[in-house]
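Please look over the sequence and the fold shown below.

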Amino acid sequence: LSMANTGSRNSGGSQFFINTVHNKYLDWHTGGSSKHPVFAKVIKGEDVIRKIENTRTNHADAPLTPVKMISATIKGSGAATQSQAKTQKVDSKKPVAEFKTTEGSFKIEFYSDVMPYTSAAIIDLVKTGFYDGLHFHRVIKNFMIQFGCPHSKNANSDRAGTGGPAPNTPFKGLDGTSHRRLSDGCIKDEHKGKISNKPYTLSMANTGSRNSGGSQFFINTVHNKYLDYFTGGSSKHPVFAHVTEGKDVVMKIGNTRTDGGDKPLKPIKVIKAQMV
């Protein structure tokens, strides 16, 4: 969701629009004339958004069949009166992690509400220092950047991309429930939420087989929707988080020069990963 405006400074009010494609030319930080700041995202009801988008319109783009907003309410912390809303703070309470790399830092927010199991497994690895000192071992421009293999502690290791957590290691769910990784160190596939592999989302890397994701993940730098587990294709990579800060760092990594095996020519190391 992005603020609509007249094109002049400070001209946004109550109107907003919902992007149905990636309209990056509207970003205020691209240097163009259009400057529309994004302030929220749709988390449920994408089918409704598509239905509205596909409605027939007249020559002025107004729907031929009126589409009315019956009610808009705040959920999660209870309804607020107008006076309460002035002081009410929004707290998503979603876990956030920061990755400090040799190219700069970026922060991610976990989709813990719809991907609690996967989020908990990755958060456990962050908290235990598993990711500290590892390198991005696979970078493909206009596709994604991949990270999280323990063998990548040696940036030149031929085994980078083949490893994961130790077998049968325990971790706590976000609700305190005890879990244990599988006999090969992987976790079970969590196919929930139907979150697409859009730019700056984090998705579980796997071998293509069921329940083969462990510690490795990739950050999409373009919309790789064919990787969505719910599209019916052979690739099934569930999204569990998204980048909230440091997108320029992600793109800097994504544009680094690589060798014939997609390994960065200049090693890119995660110095420290931590919950914030």
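This report describes a predicted model.

**Sheet**

An open sheet is formed by 8 strands, with antiparallel pairing, in the order E5-E6-E10-E9-E11-E4-E3-E12. Strand E5 (138-140) and strand E12 (270-275) are its edges, since each of them pairs on one side only. From one strand to the next, the twist averages 25°. Strands of a sheet pair through backbone hydrogen bonds, in a parallel or an antiparallel way. Within this sheet, strand E9 (residues 201-204) runs antiparallel to E10, and 3 bridges join the two. Leu202 has Ile219 of E10 as its bridge partner.

**Helices on the sheet**

H3 packs on the sheet, where it touches strand E3 (96-101), strand E4 (104-110), E9, E11 and E12. The direction of H3 makes about 125° with that of E12. Helix H4 (residues 247-254) lies across E3, E4, E5, strand E6 (144-147), E10 and E11. The angle of H4 to E4 is about 115°.

**Nonpolar cores**

The largest nonpolar core has 38 residues, and Phe99, Phe106, Ile108, Tyr131 and Phe240 touch the most other members. Helix H3 (residues 116-127) gives the most to this core, with 7 residues. A second, separate core holds 5 residues, among them Phe143, Met144, Ala205 and Leu227.

Not counting residues up to four places away in sequence, Phe240 touches Phe110, Tyr111, Met115, Thr118, Ser119, Ile122, Leu202, Ser203, Met204 and Phe217.

**A buried loop residue**

Thr221 lies in the loop between strand E10 (217-220) and strand E11 (239-245). Is this Thr221 buried or exposed? Thr221 is buried, because its relative accessible area is 10%, and the cut-off for buried is under 20%. Leaving aside neighbours within four places in sequence, Thr221 is in contact with Asn142, Phe143, Met144, Pro199, Val250 and Met251. Two of these contacts, Phe143 and Met144, are included in the second core.

**Cysteines**

How many disulfides does the structure hold? The structure holds 0 disulfides. Cys149 is in no disulfide, and the nearest cysteine sulfur, that of Cys186, is 11 Å away. A disulfide needs the two sulfur atoms within 2.5 Å, so the 11 Å between the sulfur of Cys186 and that of Cys149 is too far for a bond.

| Residue | Relative accessible area | State |
|---|---|---|
| Cys149 | 0% | buried |
| Cys186 | 10% | buried |
| Thr221 | 10% | buried |

Key
Residues are numbered from 1 along each chain as its sequence is written. This is a predicted model: local features need pLDDT of at least 70, side-chain atom pairs count only at pLDDT 80 or more; totals for chains, interfaces and linings use all residues. Side-chain values use heavy atoms; hydrogens and water are left out. Buried means under 20% relative accessible area, exposed over 50%, partly exposed in between (1.4 Å probe, protein chains only). Helices (H or I, at least four residues) and strands (E, at least two) are DSSP runs, numbered from the N terminus. Contact means heavy atoms within 4.5 Å. A nonpolar core is a set of buried Ala, Val, Leu, Ile, Met, Phe, Trp, Tyr and Cys residues joined through side-chain atoms within 4.5 Å. Two strands pair if DSSP finds at least two bridges between them. Axes are lines fitted to C-alpha atoms, for helices over the stretch in contact, and angles run from 0 to 180 degrees between N-to-C directions.
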